[in-house]
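Work through the exercises below with the model open beside you. Try each task before you read its solution.

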Amino acid sequence: MKLVAQLEELLRKFQTASDAGEYRLSGWRIFVHESQSLALGLKDNSPGSVYTPPAYREGESGEVFVVWADGKCSQAKVQAKPTGELQSWQNDLQDWRQAAYEDPDGTTIVIPAPLPLVAVEDRAIAGILAGDDEVLFGQLARLLAEKPMQAKMQAHINAIWGYRHVRTSTGLAVSYRESQYILSYSLDRLVGTGFAKRRLIKAEEWTDRWDTVLGYYEALQKGVQPGASPVSQETTVILTPSVVEEMLGQYIVPNFSGQSVLEGQSAFRPESFHKREKIFGPEFSLIVDPLRPWEWGSYLVTLEGVPAERTTLVRNGALETPFLRVKDAKRWGGKPTAIPQGTAGLFLSHRQEANWASVLKGVEDGVLILSVLGLHTQDSVSGDYSLSAPQCIRILNGHLVGSTGVKITGNFFKDLAAPSTRVAREEREVQPYLLIKTGVQSL
Amino acid sequence: MKQEQLREMVRGILKEYEEDGYVIIRAEARREWGLRFSDGRLERVSTGREEGMGIQAFTPSGVSGFASADILSSASGRRLMERALALANRNEGLGAEGNTEIWKAKLVQEALPNPANRSFAEMPLNQLTEVLSSLHISLIKSCQEAIWQTSYRQVEDMWCIGRSDGSLVSYVIPRAVLMHQGTVHRDGKNASSLVHRSGTDMGILLDEQADHHLEHEAAERAGFSAKVCEAPFLSPGHYPVVIDYGLAKGLAHEAFGHAVESDHMQESVLGDNGKLKRGLRVARPGIHIIDGPLQGDWAYQPFSANGLPRETVWIVRDGVLEKGLGDIFSAEEAGIPVSGAGRAESYAHIPLPRMSNIRLVVGDVIPLPEGDLMEDAENVRQALLAREEIKQGEKTLLLVGYRGGQVNPKTGDFVFQCEGIIDIGAEALPIYRPSIFSGKILSALQAIKLGLGEETYDAIGTCGKNGQAVPSSGGSNRYLLLEADRQVSLGGEA
């Protein structure tokens with residue numbers, strides 16, 4: 001018996017049985033993820049090495065949330081049991097009851113509502129997990145064949161396919177198929193790229209990424225030209241889309257979590273949202289959008305049973321709302337919102353976005369930050385950063401002229417508020433390039 | 001599931017293996033409880049049981065495939081075996097390089113008892129909740145300067161690793177951690193701090209109830225955070241630096257430990273043509289870096305994930321690079337002995353060579369009395385002035401609170417972040433906002449001059465190598481003095 005069916009049977013029994021005693025339930029919610037995956041890897045140009053062998057994984061796991069008849073609640077991680085018999089859940093049920101606690105704001109079980117249609121499954125990935133996996137092995141072989149001769153390549157490809165199930169005591173019963181695909185690779189551990197969506201990569205996406213990475217790799221092979229001016233406070237610091245995504249993960253996601261805002265652990269207070277305080281430049285907006293087809297962060301329904309919808313966190317530079325789970329929404333006095341999965345589903349936009357290639361031509365004195373060391377060590381709440389970026393590309397008069405290393409120091413919130421900040425976008429990239437004026441020094 | 005049941009299952013699956021290659025089975029059963037209070041409210045109590053099995057199968061030429069599932073049963077194990085073998089054969093057909101080092105591994109058969117002093121469920125969850133509630137409320141009352149979160153987590157992680165050569169090892173790793181996180185808002189500026197107390201079981205809560213040690217530390221850090229909010233930035237530069245033992249653990253772990261892991265030697269700044277640069281002087285005489293499991297420690301692991309005993313390794317002895325951290329698959333190629341360094345996040349992950357508890361040991365140590373943070377700063381200042389190690393009025397920066405770090409083992413670049421900085425060169429002990437501590441790992445190690453206070457090895461964290469999270473720990477004397485170096489810098493002004 002499938003895990004979701006085991007749990008449903010168990011919880012219904014304890015909701016309706018007259019002899020359930022202290023285990024009697026008044027409400028419940030189940031989330032189960034059932035998946036298979038195939039991962040391939042390349043380490044130091046060696047495909048399928050002992051550290052990166054082809055790896056198959058299957059699993060059924062999830063979370064249970066129950067509200068007991070006395071109003072207390074419990075939550076637990078669960079996974080499939082070998083026998084699947086109801087009796088085998090007895091110990092778990094005892095654990096859950098023992099873990100029961102009072103949380104008046106947290107006991108809401110959502111009422112079912114119509115679900116949107118969102119493309120989250122690529123049937124080609126189902127085919128890969130069914131054995132038609134030549135496409136993945138072919139991609140790995142292609143990376144190895146086309147890499148620069150002298151470069152040491154690391155790569156990872158993963159295809160995941162399965163079902164997502166959400167059930168509630170209020171009658172929600174949703175099961176849908178979903179797929180995920182990840183491709184990442186790097187050359188000499190200096191420059192790389194990543195692609196993560198709910199479908200396989202398209203030919204043009206492959207080519208665009210490959211060309212960009214090779215271009216940066218070639219630029220990094222050149223030292224800065226003799227006589228080139230060093231970076232100064234006049235130098236434009238340019239964060240690549242992958243660095244912008246990391247910045248969003250470090251500074252935006254934790255500070256826009258409704259729980260953090262409500263608990264005083266965020267850079268923003270509830271009243272800042274109520275007053276629509278302007279925190280970014282007026283051209284900036286930030287949304288959580290789970291409705292975009294095949295994006296990694298897209299879904300039909302949250303783990304709590306809330307239908308997917310678009311939520312604006314920042315509109316024209318002003319705070320709108322944090323993202324709110326069911327419990328946070330009750331405390332906030334509003335509706336639950338869309339929820340990002342890490343930075344997936346979170347989109348930063350600017351009304352004056354320009355094409356990256358044309359913006360690059362106009363950069364007279366710049367430094368392109370390909371990656372930073374130690375971002376995860378920065379204080380999210382302050383917004384401050386003081387980072388080392390040993391692998392950067394110097395830009396002079398619109399050209400990538402060679403490698404350099406810099407240290408950047410500033411505040412990400414101030415960067416997004418500064419009138420001097422500009423935004424450029426490369427087609428098919430989820431996040432933009434950010435051109436900022438911030439503290440920069442040569443390493 | 002009991003340890004003997006797990007062993008029986010793995011033994012049974014191995015018995016059915018009749019191929020000419022090799023196979024490693026990793027079975028894991030894990031139990032976890034977690035509690036969280038925020039600003040006086042109980043926010044979450046969670047329980048979880050996770051278990052599963054991963055099988056790495058090798059063809060006779062050493063090419064491997066891997067399969068895992070989150071179910072522990074003989075039937076599932078047999079299915080995974082077939083799948084792993086099929087992937088290994090497929091991999092071989094594509095020309096993957098073989099590695100037969102595992103054939104040389106010695107036979108090991110051992111079952112270790114659970115080293116916890118108290119059983120996992122000795123105190124029921126409702127009582128744990130009451131104890132944690134009292135600790136949280138006590139903290140809120142004693143320090144109203146910050147908004148507080150208190151969390152507690154206890155884990156019992158049981159492993160059984162079997163190999164087709166007849167090896168079978170099993171062990172249990174118990175872990176518990178209590179954490180207080182405080183956020184301070186001052187004049188539109190914010191800062192946060194995190195302190196923790198770790199051990200093997202809920203005994204840490206009872207210890208905390210008795211001595212409130214963590215509460216005092218949390219309150220002290222919150223007071224410091226408040227001052228940091230109002231503090232200026234430091235001008236970037238190369239300064240004499242005093243680091244606390246948490247940062248010393250970070251330095252040893254990020255800057256040195258990763259650079260001597262056998263799977264990185266091809267690219268490591270401490271490698272030469274793929275071999276460890278043994279005999280290279282990397283620090284002053286009297287400086288040692290040692291890695292190895294300590295029973296009762298956060299990162300304790302008695303066997304590698306490949307079923308070999310985890311050994312204690314002197315990476316640096318008396319300032320000279322001596323050994324690396326070698327797992328069975330790449331130690332010989334890296335020119336170092338196998339030390340059982342393979343660790344995996346879970347049964348579903350491929351093991352990699354990595355650290356356990358890493359400590360930086362210094363020969364020249366100045367005793368230091370116990371004190372709170374600012375007393376420590378004053379005591380360190382007085383001790384270093386008395387020894388004429390620093391000069392009155394010359395900026396000497398004490399970095400407080402390790403927030404984590406990162407290193408590029410290929411280039412030797414490292415970065416670390418702290419919660420704030422105290423200038424112990426000035427009598428008034430002025431405070432600065434946190435600034436990045438960065439540079440070249442070899443320069444940082446060579447700059448270490450002496451230690452202050454007793455050896456303290458309970459700085460804990462999570463190592464994220466290759467996306468796999470495993471517990472890490474370590475430390476040094478309570479403080480270390482690093483001389484100013486052109487390749488090591490602090491800072492920057494926004």
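**Exercise 1: the A–B interface**

Arg79(B) and Glu58(A) join their side chains in a salt bridge, 2.9 Å from N to O. The term requires a side-chain nitrogen of Lys or Arg within 4 Å of a carboxyl oxygen of Asp or Glu.

This is a predicted model: local features need pLDDT of at least 70, side-chain atom pairs pLDDT 80 or more, while totals for chains, interfaces and linings use all residues. Residues are numbered from 1 along each chain as its sequence is written, chains are lettered from A and ligands numbered from 1 in the order in which they are written, and side-chain values use heavy atoms, without hydrogens or water.

*Solution.* 

Step 1. Count the pairs. The rule finds 14 salt bridges across the interface of chain B and chain A. It also finds 42 residue pairs in polar contact, both residues at pLDDT 80 or more. A polar contact is a pair of N or O atoms within 3.5 Å; within protein, one must be able to donate a hydrogen and the other to accept it, and residues adjacent in sequence count only if both atoms are side-chain atoms.

Step 2. Locate the main contributor on chain B. Strand S2 (residues 41-58) of chain B gives the largest share of the side that touches chain A, 13 residues. Strands are DSSP runs of E, at least two residues, numbered from the N terminus.

Step 3. Sort that side. It divides into 31 nonpolar, 32 polar and 21 charged residues. Here Ala, Val, Leu, Ile, Met, Phe, Trp, Tyr, Cys and Pro are nonpolar, Asp, Glu, Lys and Arg are charged, and the others, Gly among them, are polar.

Step 4. Size the contact (heavy atoms within 4.5 Å). Chain B supplies 84 residues and chain A 73 residues. The buried area is about 6,300 Å², with 46% from carbon and sulfur atoms. Buried area is the accessible area (1.4 Å probe) that two parts lose on being put together, summed over both.

**Exercise 2: strand pairing**

*Task.* In what sense do strand S4 of chain A and S2(B) pair?

*Solution.* Strand S4 (residues 73-79) of chain A and S2(B) run parallel, over 3 bridges. Pairing needs at least two DSSP bridges. Ala76(A) has Thr47(B) as its bridge partner.

**Exercise 3: a hairpin**

*Task.* Which residue takes a positive phi in the hairpin of S5(A) and S6(A)?

*Solution.* Strand S5 (residues 153-168) and strand S6 (residues 173-187) of chain A pair antiparallel over 15 bridges. Val166(A) stands opposite Val174(A). With 4 residues between the strands, Gly171(A) takes the positive phi, near 110°.
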